[in-house]
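Here is a quick tour of a two-chain model, written for someone who already has it open in a viewer. Grab the structure and follow along.

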Amino acid sequence: MSILKIDSVSKRYANHTALDNVSFSIPAGCIFGLLGPNGAGKTSLIRIITQITGADEGEIYFRGERLKPDHIKDMGYLPEERGLYKKMKVGEQLLYLAQLKGLSKTDATARIKGWIDRLEIREWLDKNIEDLSKGMQQKVQFIATVLHEPALIILDEPFSGFDPINANLIKDEILRLRDNGATIIFSTHRMESVEELCDNIALINRSKKVLDGPVREIKDAYKTDTFQVIGNGHLLITSPDFEVLEQHENHGVFRANVKLLNGTKPNDLLRYLIERVEIHSFVELVPSINDIFIRKVKETHHA
Amino acid sequence: MHKIWLIIQREYLTRVRKKSFIIMTLLTPLLLATFMILPGLLITMSGEEETVMVLDESGLFEGKLEDKKDLRFVPLSGSLEQAKTVYQETDNTALLYIPKISIDDPKGITVYGKKNTSLQTQIRLEEALEKEIENQRFLASGLNRETLKKVEANIKLNTINLSDEGEKDNNAIITSAAGVVAAIIIYFFIFLYGVQIMRGVIEEKTNRIVEVIISSVKPFQLMMGKIIGIAAVGLTQFLLWIILSFVAVTAVSAAFGIDAAPSPMEQYQAGRVAAEGESIENLEQETPEEAAANSDEFANTIQDVTESFANLPLLLILGCFLFYFLGGYLLYGSLFGAIGAAVDNETDTQQFMMPITIPLVISFIMSYSVVLKNPDGAVAFWMSIIPFTSPIVMMVRVPFGVPAWELALSMALLVLGFIFTTWIAARIYRVGILMYGKKINYKELSKWLFYRV
């Protein structure tokens, strides 16, 4: 069941097209990566989903219904440009933002209490935002995004501005939210930062969708049947079933990237190697999303 | 609606709790009270008990110079030299020397003092002597003051407005004052709080919180919430100023023993006295008959003033004030909001402020220079019809009486005007708040009006 279905959405501004006939859907309960370089149209798409702007063409369906103002309360949005009222106290600010999302005062207060304990910012509750460090402000903003327990959480460049410790803290919170049933959209141009977290992705380049689907399937589709082997001994491959792409040897330790040919399986390669050398490591070389993206972009350009 | 209400609350509470708001709200009435009380206070404080020794060689003033509240006369006899010696040994204020003079030629009267004799003492002594000499001259000529009072003519024109609605008493000064005060309040309110709207929008933009907010509420709701919230702040401040001014004036004057809430009569007296350039003490020196005679006159004038007020269509003025106050604020407030949305920081606002400021300033200036002199002229008419100038100009005209159709037209146009500016502002606003780092010009702004968002 998909929580969000984007159906042939286009958005044009005065002198450029931000989105050109983009369609994909986002399964419920997954972490979804909306990936692409700067200016690809990610933020435009997010603004249409969060109903900040409207699409020129196409429709978006949220839980099977056409997007309507009422859906806003089921979404939480952390924009790339973070910001809070500087001269407002942390507690008041969280309460205000939660109430704007339709939460009652008592509910909001109770939830704020839970969050400030978990993220250890209790002593900051009565401080003005401007007195907080940047990382602390980010925490507050993250809480504000998810306080109303939205079914769909949209995080634009979620880890920019976080130090590694806080980034891990937020990562854990995101995973916890996913486990509790929320769907999370990551939008980022730094693909490697979210690769390990995402279940599904969509790649956008120059206002067009390039690729989408489960990360596993995409990687399977783009893998090249190449394996990295590390071991002791002198490796010399002569079989026509295997092609050595790269090979280094150093003090009797070799490292080689080997590609399977003619429909051979990894085990065939293993068997062939075991007879000749001592194997320490045998890993499939899976392309990173970044590699796939670059390949895909090149393909579309040439096409 | 619930969300607009939340926004109004936030805009209101954060501003009302600011230190600057509290200080401004408390300080202004205090300053006002100080300015109102200070002149009177200074006069009272300088009025210490003064004792003046009198050497009267003419014998004209023997027993005639009466002691006043803080001015005592001590008669002396002997030569001037002796008197000077006696005076030197006391710490009395001054020595008044009256040589042998006749009431027809009262020259050579001298005041000796240890320091420079203050102007006030000098004036008071002159007045006391003048009055006595006048009295004596009256006696000598066989006239008395009563007769003179009867002869004195005091004309006051009653101006009557012969309009369709029948005769109306009409006091030009009161009438214009009522309108001008209302217009001034509207003018300042629009400016002070319009700029606050603009700053508020710029603040949200530079803080980058606006995207978070408008993922929860419509930009229009955010804009209207801000405009209404700030209007409430302004109204609160005005209300507090009125209450606190009253309290402060009462308290300060009670503390210094000045009759703070003078009856209209006394107020008028004070006003008249001040107008004639006389000191308050002067009043106290009036003989009872004089005072009584004056009171009659005062009473008449007071009646005049009260009548003029009663004849002013007070309910109409108040109604119009509230209408044009809110209408004008909403008309301009949304434009101020739009400016805030169009720019990135306050320094960029100048070029867009101009077209908003000019009609306001012009209507303010014209109110004084043209509309007041000729409240039914063509300039007054058009400026009170056009929505951008009507909140101020019409307010000046209303107390003079404005035909119902003109008022209706002006109000209808103001409502249309504010719907129009709000529409424009909302369109600029929704585009502008998400636009960063772009230098905006009018051409760009006009494009925004027709963007599909």
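## Salt bridges and their surroundings

A:D117 is partly exposed, with a relative accessible area of 42%. Its partner is A:R122: the two side chains form a salt bridge, 3.1 Å from N to O. A:R122 is likewise partly exposed, with a relative accessible area of 42%. Keep in mind while you look around that this is a predicted model.

Now for another pair in chain A. The side chains of A:K223 and A:E284 meet in a salt bridge at 3.7 Å, N to O. A:K223 sits in the loop between α6 (215-222) and β11 (226-232) of chain A, while A:E284 belongs to strand β14 (residues 278-284) of chain A, so this pair ties together parts that are 61 residues apart in sequence. A:K223 is partly exposed at 31% relative accessible area, and A:E284 is partly exposed at 26%.

A:K68 and A:E65 make one more salt bridge, with their closest N and O atoms 3.5 Å apart. Here A:K68 has a relative accessible area of 33%, so it counts as partly exposed; A:E65, at 39%, is partly exposed as well.

Here are those pairs side by side, plus one that crosses between the chains.

| Salt bridge | N to O distance |
|---|---|
| A:D117 and A:R122 | 3.1 Å |
| A:K223 and A:E284 | 3.7 Å |
| A:K68 and A:E65 | 3.5 Å |
| A:E81 and B:R208 | 3.3 Å |

Over all chains, the structure holds 32 salt bridges. Some of them join up: B:R10, B:E11, B:R15, B:E204 and B:K226 are linked in a network.

## Where the chains meet

How many residues of each chain are in contact with the other? On the chain A side there are 28, and they touch 23 residues of chain B. About 2600 Å² is buried between the two chains, with carbon and sulfur atoms giving 56% of that area. In chain A, the residues that lose the most area to chain B are A:I52, A:Y85 and A:L100, which together make up 26% of what that side buries.

There is charge pairing across the interface too: 3 salt bridges are counted between chain A and chain B. One of the cross-chain pairs is A:E81 with B:R208, whose closest N and O atoms are 3.3 Å apart. As for the scores of the whole model, ipTM is 0.79 and pTM is 0.71.

## Around strand β9 of chain A

Start with A:N200, which lies in strand β9 (residues 200-205) of chain A. A:N200 counts as buried because its relative accessibility is 12%. Leaving out residues up to four places away in sequence, A:N200 touches A:P27, A:C30, A:I31, A:F32, A:G33, A:G213, A:P214 and A:V215.

Move on to the loop between β9 and β10 (208-214) of chain A, where you find A:R206. A:S207 lies in the loop between β9 and β10 of chain A too. Phi of A:R206 is near 45 degrees, a positive value in a residue other than glycine. A:S207 also has a positive phi, about 65 degrees, although it is not a glycine. Buried or exposed: which is A:R206? With 59% relative accessibility, A:R206 counts as exposed, whereas A:S207 is buried at 8%.

## Inside chain B

Chain B has 17 helices and 6 strands. Of its 453 residues, 43% count as buried. Among contacts in chain B with a separation of 6 or more, 71% come from residues 24 or more positions apart. The chain exposes about 24000 Å², and carbon and sulfur atoms supply 65% of it.

Why is strand β1 (residues 50-56) of chain B largely enclosed by the rest of the structure? Because 6 of its 7 residues are buried. β1(B) pairs in the parallel sense with strand β2 (residues 71-76) of chain B over 6 bridges, and B:T51 stands opposite B:R72 in β2(B). β1(B) also runs parallel to strand β3 (residues 94-98) of chain B, joined to it by 5 bridges; there, B:M53 has B:L95 as its bridge partner.

Helix α15 (residues 390-397) of chain B is mostly covered too, with 8 of its 8 residues buried.

The mean pLDDT of chain B is 78, and 80% of its residues reach 70 or more.

Technical notes
Residues are numbered from 1 along each chain as its sequence is written. Chains are lettered from A and ligands numbered from 1 in the order in which they are written. Side-chain values use heavy atoms; hydrogens and water are left out. pLDDT is the predictor's confidence in each residue, from 0 to 100. Buried means under 20% relative accessible area, exposed over 50%, partly exposed in between (1.4 Å probe, protein chains only). Helices (H or I, at least four residues) and strands (E, at least two) are DSSP runs, numbered from the N terminus. Two strands pair if DSSP finds at least two bridges between them. Contact means heavy atoms within 4.5 Å. Accessible areas come from the Shrake-Rupley method with a 1.4 Å probe; for residues, only the protein chains shown count as cover. Buried area is the accessible area (1.4 Å probe) that two parts lose on being put together, summed over both. A salt bridge is a side-chain nitrogen of Lys or Arg within 4 Å of a carboxyl oxygen of Asp or Glu.
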